[in-house]
Structure formats: C-alpha cells, structure tokens
Amino acid sequence: MPLHRRTFLAGLAGTAGVAAVACSGSPAGGATPTDDARGARRTAAAEAARRLLPRHSDQLTFRTVPRKAGAEDSFQVTGRHGRITVTGTSPATQLAGLRHYLKHVTHANITWAGSRTDHLPKQLPAPAAPLKRAANIPHRFVLNDTNDGYTGAYHDWAYWEREIDVLALHGYNEVLVYAGAGAVYHRAFQEFGYSDVELRAWVPAPAHQPWWLLQNMSSFPHPVSRQLLDARARLGRRICDRLRDLGMTPVLPGYFGTVPPGFEKKNPGARTVPQGDWVGFARPDWLDPRTGHFARVAAAFYRAQDELFGPSTMYKMDLLHEGGKSGDVPVGEAARGVEKALRTAHSGATWVILGWQHNPPKAITDAVDKQRMLVVDGLSDRFPNITDREADWGATPYTFGSIWNFGGHTTLGANTPDWAELYEEWRTREGSTLRGISLMPEAADNNPAAFELFSELAWREGDLDLKSWFAEWSTVRYGGADRHAEAAWDVLRRTAYGTTRADRWAEGADGLFGARPDLAAKSAAAWSPKAMRYAPEDFEPALGELLRVRAGLRRSSAYRYDLLDVARQALSNRSRVLLPRIKKAYDAGDTGLFDRLTREWLGHMDLLDRLLATDSRHLLGRWVADARAWGADTAERDRLAYDQLSLLTVWGTRSGADAGLRDYANREWAGLVGGLYRLRWERYFTELRSALSENRVPEKIDWFAVEEAWIREPGPLRVRPTGDVYEIAAQVRARLGAP
C-alpha cells in the first residue's frame, strides 16, 4: 500500500462511526478558543497558519471578535516587527486577513496552483497602519458540483487539508462537499427495501458520482465496494469537521427525489416520474415530492446524512437539472414539497440551487421562501443578455458566479473585464438582491490569477482597475518587482484574461491536440469555443518575458507553474494554426508538405508532453495512482483507474461518447498528450497518408474502440516529474519563434 494511502487511512481511523455533532455549519459554528502567550491550544486559524507558514507561524496571533448585528465578516491586521496580530469574526476570516497582509505587506503569495513564501524575512514586518477590510456580501461560495469528478474524486486528506486552508485564506465561507454522499443514499434506501448489493450497483464510482447527485445518470462504470463507500464517508466527515472548525459552512447535497430503479414496486403506492435520458445515459427516476413517500425518504436521507457528516445550514439541490422532466407534477408544488422536507429536517436551512441554463424557473423561486434560497449563478460572465437577475428569479438572493473552465480544460484565462464591470454594478444598484460570489470552475486548482482576482471581489472597496491589479499581481506572485514579469502579465491581461462575454463564452478555446482526429476539427470538446477568443500571436510574447524574469525570482513553485502554463498555452494555441495548413496540404494532395506538417504537429505534441512532465500536477500517472490507492485489491484498483481515465476520455458509454461527451474533460497533461492523444493523431495521419498514396478514400477508424483499449491498458504512466521547466519552456519559445 502506498505511504500516502496508509497515512490517509490512519488519519481517518478516529472518525469512523462518529455521531452527529451538535454544532451547525453556520459561520459562528465550530469556533475554538483564542491563542494566548501562555501556550493555550492553538486556534483553527493558528493551526492553518502553522501548516501554511511553518517558519513564521509563531509570530502570528489570531483573535476572534463577534460579528456585529447586520454587519458582514471583517478582519483587522496590526502588530510590530516579528509579532503580527490578526483579528477577525471567524477563523476563516482571520486567514483572509492573513492573506491580505501577506499580499500587501510582504509580497508573498499562496494559491491552489503555486506559491511564493520562501523569500519572507526571518521576522515578519509590521504593517505601516492597521489593515482593515469587511466583506461586501455575506455569501462566498466555492466549488462546482462537478469538482469531485474533474478536479479529482480520489484526493486524500492531505490534499483536502491544504485545499481548505487555501480556500479560507481567500475569504470563502461556504464550500460544497460531495465526498462521501454515496454512503448517505446507501444507508437511507436500505429502509425502503433495497439490499446492500442493489445499492452499491446503483451508486456510480466516485469520478462519476457528481452527475448521479445531479440526477443525470447512475450505475457506471462498476459497482462500488463497501470499503470505498465507508472510506469516502470518513473523508467527507473530516472535510466537514475542518470547515466547521474554521467557521465555514459545509454545503451538503440535499434530497430532491432521486430514487433507485423499481422504487414503486418495492414501495406500493409510491409515485415516480421517469426522467428519460441524459447524453446517452438513462436518468434515475424522480419521486413525486408532493407525496408521503417523498417525505419519508427525505427524512431518512437527512437522518443518515446527519449521522455521517453532521448537520449544516445549507443544502444544494438542483431540481430538474439539464432536461429533467416534471411529468404531470406541477413544478411549484414539487418545489414546496422539497422545501418542506428540508425545513422538517433543518428548520433554518438555506436551499442552494444552481443558476444554469433555464434553472431555476420562476415556478420554483415563486413557490418557496425566497429569503431561504440562494441561487449560485453559473452564467454571470457568460451571456451578454443576462442583465437583471432580480427579474429572472423574482428578487431571490443570488451570487455573481464564474465557470471559467468546463471539464477541467487546462486553458488559461477568464473574462476578467466582465468581473470588473458587472460585479460592483450589480451589487450596488437599487433593489439588488446580489448577496454573494460563487467561484465554480468545473475543475479547481488552475488559473491562479483568476482565482485570486475573483476571490477578492467580495472584499474589495471601490472600482477595480485591471491594469493596476495585474501589475501588482506580477510583483506579489514572484515575491518582487520585475519589469519582465510585469510585461508578461500585461500581455496576459490583454489576451487570455482580456476576453469578455460578448461572444457568449466564459472559457477559452481548448487545444486541438486533445481532439478526436479530424482535419476540420474546431474544438476538442463538443461544447467549447470553436475559435480562439484572442489572437494567438499576441499571446506569445508573454512567454519570452517570463523567461527573462531575473533568476532570483524563478525559484518558487508560483514561477514554475506560470512558466509551464504560459508555454503550454502558447504551444497549444499553435494547434489551431497548424491544423488548417495540414488540411490544405491534404486536400491539395501535396504529400511532401503533408509529411512535413504532420511531423511538425507530432513534434509539437512530444515537446508539450515533455514540458508537462516537469510538474507533478500535470501528470496523468499521478491522477491514476491516486485512484488506484483507494482500492482494496488489484481488481478494485483496476476498476478505479478505469473510472478515472474514462472520465477524461470517452467519459462513459459509447452512446454517451457519440452524443458529445467524448473529450469533454480533455486536458493537456503528460501521459495524456503523449499517450492517447498522440496515438490517435499518429494513426490518423498514417491512414490519411496511405489514402493519398493509394488514391483512395481513408478508412474510418473506430475511435471509441481505440480509446477504450487505451483506457484499459495505457502503458506505463509517470508518477514523478522529470526535466527542467525553464529549459523546456525555452525550447518551446525557440520552436515557435516567439519574441
């Protein structure tokens, strides 16, 4: 068993079978005593600081003050040389104050994708004057429903401990927690005639569970084991408890009617509504929320959830998500039934619902207590016609949200001009019901500049000047001012981070190396931009500028991450320039040019794979190893690896892949670019070349069969980084002829 897995299980051993805690997930819940000079037990904030800044944590003191009635969370940072005091309304808010101090006083940076703290002086400097901030909204929500799939369903406690610390550091107070939800359904539905075996066959494997919780699919790709259900539940409980310790709210999945197959037969008198298909998958049936059967199932669900994870004050439920069918059940009455069941279990809880496509319709928002519903909007920076959410949702409280990537695409960038223009305008206009922010990329741990900037919206005062913000970011990110770093980030501000929702997209165009081979390919994922959203030649100077950053600022993980990301993006962008030229050569029958250009294409892929292999976060092998570590035996480890790899490639069944899910989660990772992606393109080019030579139509290739075979036998996958990112990034620049 791998060492990190043994450590993980040992850490969870004390949480097995714990009873429900008494505290709620409210911001005040779970606060711990304040540290003092006599060595009293550390506060939750102090423990986080010890993990984040082990060399300086003894110079930090954290104090909790009550939040004033009607006021939002706030912090203040004061102190003298070597002794800094952070006062705040919760441990998490105190950590937000610590980040503010680190940024503005020490030029240090900690994100979920690279950090720079090794330059901090032995004694922390004092702020010139007290640093004070108050949140401008109460809700600071983070993580997408899909996070537990696309970011990684198989992360261990060590990962989650740091992730929570970083989220608290960036001011979030509401975190979506899906880990372990399968155990809730498994426990609850045994009260309604289902066996252990039946339920484990219905619950999907962890990487696919988010879409089951959204009522989109079930039973894929293999039944889950009891040990896996239990281990995931223990992890989920540990996540929830840590959030409570920090004064943050775990947002848990609520019950809105999903039932296993055959519910009516096992429970005479029950009424279910068939839900049809979702992108090639059969959707689970929906239990009519107006009925007594629904009330009893919901009660069992919340009881099991409280036993496993403890209660919360916020529950996520997306009624009729992405094409769900209400049948002859009035939607408003269904919403009231869902709300009644939630209130019965947790009287003061807030129903959290995603603003996505046409959800929630007014039939839902008009039927419930609006003041105890929160719409986390996923489209604020996506469509230009979205201008009045108060009208759309009948004055229901909502958040300003962003989904800057879909499927975990590694594409760099975000619609930051929309954030600068819209957030403050929407928040302050007359009659506004904007009450928060919601950071919801479909996969986290990427785009650190976007992460930092969006997180700060909730704590800013006054207008946001993007040019100034990115200039300061270039200093904070690398620990010192550098004209080349500033120039690089100004290029990025004007290109990848300069896009807007005017073109009806919120994410950048994915690269074509990850597309199923086709000379006419416009995107790798079916539902992604079909063209670049900025001029790729305008982006490339950022790489040269980053390479010129002075040597003393290149040591940090922040610099290495950014250099890799910019080099990766520059090389990826070339795929959109090169493929049309390959098509033109093929159409003209120019075999010499076709051979030269296809060699160039495959050479770019080889160089990209070498670049990606320099960083552990870009290794497919690491991701697969994480999944395998959760298996109890070889057979289960193989099943979990399939679960993980299928999500990134075919996604699910052949019918689902054909319906558009294939490569939805494409990403530029070592082992994927140099593995499946290169295999596909090389085979395709070989067939096209043979067809040219033999003057015939190319034979069709069964790509699903190719992909399925690779998933089951991908060959050796690297789990440790290799190579020097600076050296290989310089090779990328030379290859591209970038300035």
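Okay, let's start with the holes: searching the whole structure turns up eleven cavities of 30 Å³ or more. Before I go on, this is a predicted model, so to speak of local features we need pLDDT of at least 70, and side-chain atom pairs count only at pLDDT 80 or more, while totals for chains, interfaces and linings use all residues. Residues are numbered from 1 along each chain as its sequence is written, and side-chain values use heavy atoms, with hydrogens and water left out.

By cavity I mean a set of points, on a 1 Å grid over the protein atoms alone, where a 1.4 Å probe fits but cannot get out; a pocket is an open set with protein on both sides within 12 Å along at least five of seven lines, and lining residues have an atom within 4 Å of a point. Grid points are joined across faces, edges and corners, and volume is the space filled by probe spheres set on the points.

The largest cavity comes to about 70 Å³. Its lining includes L143, N144, D145, W160 and Y178. By class that lining is seven nonpolar, two polar and two charged. Here Ala, Val, Leu, Ile, Met, Phe, Trp, Tyr, Cys and Pro count as nonpolar, Asp, Glu, Lys and Arg as charged, and the others, Gly among them, as polar.

Now the pockets. The largest pocket holds about 800 Å³ of space. It has 40 lining residues, and H155, Y159, D445, R617 and R622 lie nearest its centre. Which helix gives the largest share of that lining? That's α5, with five residues.

Helices (H or I, at least four residues) and strands (E, at least two) are DSSP runs, numbered from the N terminus. Buried means under 20% relative accessible area, exposed over 50%, partly exposed in between, with a 1.4 Å probe and protein chains only. Seven of the nine residues of α23 are buried, so the helix is largely enclosed by the rest of the structure. Among them are R622, W623 and D626.

Helix α27 (residues 703-712) has seven of its ten residues buried, so the rest of the structure largely encloses that one too. Its buried residues include W703, E707, E708 and W710. They pack against α23, α24 (634-648), α25 (654-661) and α26 (672-694).

On to the core. A nonpolar core is a set of buried Ala, Val, Leu, Ile, Met, Phe, Trp, Tyr and Cys residues joined through side-chain atoms within 4.5 Å. The largest one has 243 residues, and Y255, W351 and W601 have the most contacts inside it. Helix α21 (residues 557-588) gives the most, 13 residues. Contact means heavy atoms within 4.5 Å. Leaving out residues up to four places away in sequence, Y255 touches Y185, F189, F294 and M317, among others.

Two strands pair if DSSP finds at least two bridges between them. Three strands run in the order β10-β14-β11 as an open, antiparallel sheet. β10 (258-259) and β11 (272-273) are at the edges with a single partner strand each, so one side of each has no neighbour in the sheet.
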